[in-house]
Amino acid sequence: MGEYDQLAARAREKDVNAFAMLYKLVYEDLYHMAFYMLGNAHDAEDVVSDTVLAAYEGIHKLKSAAAFKGWIFKILLNKCRRQRKAYANRPVSIESGTEGQEYPADRLPETMAAALSGEADGRCAAKSGISREAALDVQQAFFQLSETERTILAMSLFGGYKSHEIGKHLHMNANTVRTKCSRALGKLQDMLIERQGDFR
Amino acid sequence: MLEQNEKKRMEQLKESLRQEEIPQGVSPLAIKEKLLWAEAQKEDSGGQGKDSAKRTPLYRYKRRKLAAAMWALAVLAVALGAFGVRQAVVIRRDALMAENSPANRRTEGQKNDGDEDLQIQPSAERYRAQQIACAGSYEELFRVFQDLQVTDPTDNLNPLGGSSWETYEINAYDGAESAGAAFGSDAINSGAVSGGTSFGGAAPAESKAENESAPAGSGPQTGVADMEDAGAMAGEESVSTTNVQEEGVDEADVIKTDGTFIYILQQNENALRVVRADGGQMTECDNHLLDAGDDTLEATPVEFYASDGLVTVIMQYRQKFYYDKELVPLSKEEADARLAGDVAAGEVGISNSGDGAVAAIRGPICYSDVREYVAAETFSVGEDGSLTSLGRMTQDGSYRSSRKVNGILYLFTTYYTSVIHADGSVVEEYVPRVNGICIPADSIAMPDMPSNSYIVGSSFACGTPGTVISQFSVLDANFYADVYVSQNAIYFAEAGYAESGTSYHEYTQILKYTYQDGVMTPYGSANVKGQIHNTFSMDEQEGYLRLVTTENVEKTRYIKYGEPNEYGEQEVVETADQWFDGSVQEHTWELENHLFVLDENMRQAGSIEDIAKGEEIKSARFMGDTGYFVTYENTDPLFSVDLSDPSDPKIMGALKIPGFSEYLHFYSDGLLLGLGQETDEESGNFISLKLSMFDISDPYHVQETDKYLLNDVRKAYFADAMTDHKALLIAPSRNIIGFSAASDSVWDEETMTSSYDCCYSIYGYGETGFYEQFAFGQQCSAMRGLFVGDVLYICTWREAEGETLTAFDMANGYEQIGELNLPKNFTRRETAIEDFVYYE
């Protein structure tokens with residue numbers, strides 16, 4: 001862990017380059033967790049920006065390099081939590097239909113659609129042979145899930161959180177989290193089977 | 001832990017979802033620019049650190065936006081659609097409870113934050129036999145809470161209020177440093193606990209393996225009027241009993257019989273029904289309404305015991321949201337107008353309670369600040385089947401489990417403290433109560449890593465619920481996994497997690513309390529690697545505790561991907577355990593299973609570790625000197641273990657078959673029954689629910705003598721009995737294996753209930769293997785069976801209509817000989833939030 005520790009040490013000295021290197025290691029998961037928890041790119045971007053800023057300002061609290069990911073994710077979680085609070089206070093459009101949590105549904109396909117039409121700069125290369133069309137289907141199905149289900153999956157997939165940690169965040173016990181996770185996966189499966197025959 | 005199938009699906013899901021493009025603004029390059037610019041600003045304005053960050057335009061913009069959101073009217077979301085009403089409520093409750101409840105805020109920034117390096121010791125010492133020390137005084141207890149920062153001087157109980165966001169932020173970061181001390185590895189290593197009287201260690205003489213209170217013979221409580229039935233042969237069970245884990249230790253259930261009466265709990269509407277069962281003649285003797293709570297308190301019956309002429313019902317009392325409101329009845333036209341947007345001033349929504357009445361709501365939402373508690377109420381059963389209350393016992397917290405042994409009930413709950421006055425003067429705020437009285441300090445155990453939640457236990461004789469025999473509490477650091485009660489001791493299994501570097505370690509803390517005639521005594525505790533699957537993973541024999549665990553070991557790897565090929569796919573170029581240039585961090589999990597034998601002082605006597613890597617334990621059962629457990633990835637090794645020498649447990653054999661068993665039951669001499677699933681060996685896909693019979697006469701060479709796939713006969717996706725052993729009706733002496741299996745579910749728009757295509761079947765096992773002797777299909781939410789003499793009674797629960805009891809003559813080809821309907825008493829009398837529609 002030699003180089004990693006060095007990075008952390010330099011980042012603590014406010015070395016922007018070093019900090020950016022640490023950030024590079026986690027930024028994709030960071031953004032994706034925010035995006036799938038909040039449901040729109042605009043807010044996800046804001047929240048991630050805030051998080052990075054806060055992390056940078058508070059970097060002196062970081063004890064070891066190994067903890068960086070857990071630590072910056074914790075900040076992100078807190079910020080997402082507040083963002084949700086803000087949502088709850090907002091007037092909500094009647095079309096939302098998902099537990100009152102608003103997301104501008106028209107935004108999402110745009111982002112993926114843009115990728116499909118080749119506007120993307122290639123950063124999201126398709127891995128494992130999943131076609132972009134199929135991925136778009138999955139994403140649209142994903143946003144049909146309830147907010148709790150999306151949060152559980154997003155935290156698990158991108159934050160690497162265990163069910164008890166997710167439980168703490170959502171104030172339910174670990175078993176409930178696991179049950180909801182299973183159900184959500186089942187729901188996705190059903191939705192995607194309807195759409196395209198099989199969810200691989 | 002996720003099953004293998006689900007893990008694959010999660011991985012595939014992640015692959016799809018991570019294709020979402022990341023905006024330019026948060027790319028590492030852009031972030032670097034932002035930070036450089038921020039540094040430059042700081043230099044310009046001459047400030048340093050946090051304050052200067054606040055002056056950056058980005059930060060200020062964010063604060064304005066957030067402030068604007070906060071100032072928006074606190075309104076509740078409208079979500080339309082069939083499920084809209086319920087879901088709208090749920091999110092609001094989450095938001096209110098989660099964000100603003102001081103108790104929940106408090107747990108942020110505490111243990112398990114960030115980066116305390118908690119070392120779980122290397123394998124040989126990974127268990128720890130600890131004495132359990134008790135608190136010397138309430139002051140000592142209060143100091144723990146102070147350390148955990150659970151005291152809140154603002155005493156802010158209003159769920160709609162909230163502290164400033166600044167404070168919240170600070171707690172989130174700084175908490176890690178002070179709370180980290182609670183997890184110091186020293187505390188685990190030393191095994192010593194600060195302060196208090198020490199129990200345990202020197203074994204209290206009275207709690208030994210030879211416990212005379214365990215009744216010998218035919219099994220758990222059969223209760224008062226054991227009907228002599230001409231049809232039952234000598235040695236056979238004449239009245240079915242709840243399928244319990246441990247002989248002599250009764251477990252609560254939702255349906256029971258004592259041979260004269262059948263008792264049924266109707267949870268949806270808080271009633272206990274008593275039905276006299278006289279062959280095919282069934283008459284309702286009592287339709288006893290249980291407390292349903294009130295505006296501020298919700299009461300739910302959970303399960304009950306029925307034996308020795310006494311019925312003890314366990315009820316959970318919880319807080320609930322309610323409107324401090326005025327309800328104004330509306331006509332249909334008025335209601336429609338409001339839903340269309342024509343809202344009258346001062347109204348916040350309309351109610352649409354189940355019975356059709358509609359009213360407008362005025363007034364704010366409140367959240368009752370009542371402590372959760374459990375009540376156990378005992379009724380005596382009269383000759384005519386009517387119930388008369390003998391009183392109740394109450395205990396703070398949320399119900400975990402209970403047992404009844406020799407007429408004494410042992411009740412276990414989890415209690416979370418809420419807001420506490422900063423000076424600790426009000427003891428009732430942080431000490432759990434039994435029957436309204438705080439548990440004495442010297443009965444409260446304080447393990448190494450305390451938290452603000454307690455395990456609470458009490459015991460009382462069922463006939464005298466007002467008198468507590470003994471009580472105890474443990475400050476509980478971990479998460480409740482399960483409780484196993486043998487004939488001598490109570491074992492709490494708590495799931496623990498510790499961080500070490502970047503990986504997590506799972507462990508289980510076992511807390512042992514011995515018991516006799518209601519007196520419970522703390523004995524000791526131990527930590528073992530891994531987590532238990534359920535209570536059947538533990539078993540006690542001659543003082544030794546045998547248990548099997550699965551450990552999910554998380555490993556971090558660093559992977560470098562190559563350039564995308566023409567299909568956009570990237571290959572793995574290099575992997576390592578350390579970070580290297582160009583690599584990204586990824587997590588993998590590895591499963592390992594272990595078997596431990598602990599002596600009566602909770603010290604490890606023997607173990608087998610790292611069994612069946614990559615698989616997880618699905619079921620286990622122990623009998624005498626032999627243990628069986630099933631691990632599973634795509635096939636099911638059924639392991640047999642020789643436990644005759646506690647210091648040297650040995651695996652005798654491993655039978656590999658497709659699928660896995662979720663529940664194991666010793667059927668007869670040399671036969672082990674398994675209930676589980678058949679899955680495809682390669683893909684792991686579900687094929688069918690199944691019954692398996694294993695010949696264990698030679699544990700070194702276990703054979704599967706027969707298997708029965710339910711889907712061969714009738715489609716079924718799940719069966720309660722697979723995961724709830726009490727849902728299984730099993731009487732090997734009469735060759736009866738009964739349970740219900742369900743397939744498709746159906747949603748009824750009108751009643752807003754769901755039901756399943758269920759079928760209750762009775763299977764037998766004979767020379768040619770399994771066969772189905774009886775099947776009874778219904779559209780319902782659940783079915784349970786029991787028998788008295790030669791009559792089989794099936795109880796069918798229907799969420800909207802109520803219950804039906806149907807009687808079948810087992811001596812006469814299962815001919816239906818009676819039916820009794822128990823309709824629901826009333827539709828939900830509702831003022832609860834679920835039925836309300838909010839305006840935007």
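Which residue takes a positive phi in the hairpin of S30(B) and S31(B)? I looked it up in this predicted model. Gly624(B) does, near 60°, and the hairpin has two residues between its strands. Strands are DSSP runs of E, at least two residues; helices are H or I, at least four, numbered from the N terminus.

I then checked the pairing. S30 (residues 616-623) and S31 (residues 626-632) of chain B run antiparallel over seven bridges (pairing needs at least two DSSP bridges). Phe622(B) has Gly627(B) as its bridge partner in S31(B). Seven of the eight residues of S30(B) are buried, so the strand is largely enclosed by the rest of the structure (buried: under 20% relative accessible area, 1.4 Å probe, protein chains only).

Next, helices in chain A. I find the axes of H2 (residues 16-38) and H7 (residues 147-159) within 8 Å, crossing at roughly 175°. That makes H2(A) roughly antiparallel to H7(A) (over 145 degrees). Their contact (heavy atoms within 4.5 Å) includes Asp29(A) and Met33(A) of H2(A) and Arg150(A) and Phe158(A) of H7(A). I note seven nonpolar, three polar and two charged residues there.

The axes of H7(A) and H8 (residues 163-170) of chain A come within 10 Å and cross at roughly 140°. On the H8(A) side I list Ile166(A), His169(A) and Leu170(A). This contact has four nonpolar, four polar and no charged residues.

Residues are numbered from 1 along each chain, and chains are lettered from A in the order written. Local features need pLDDT of at least 70, and side-chain values use heavy atoms.

Key
Predicted model: local features only at pLDDT ≥ 70, side-chain atom pairs only at ≥ 80, totals over all residues. Axes fitted to C-alpha atoms, helices over the stretch in contact; angles between N-to-C directions. Nonpolar A, V, L, I, M, F, W, Y, C, P; charged D, E, K, R; others polar. Buried < 20%, exposed > 50% of the residue type's maximum accessible area, 1.4 Å probe, protein only. Parallel < 35°, antiparallel > 145°, perpendicular 65-115°, else oblique.
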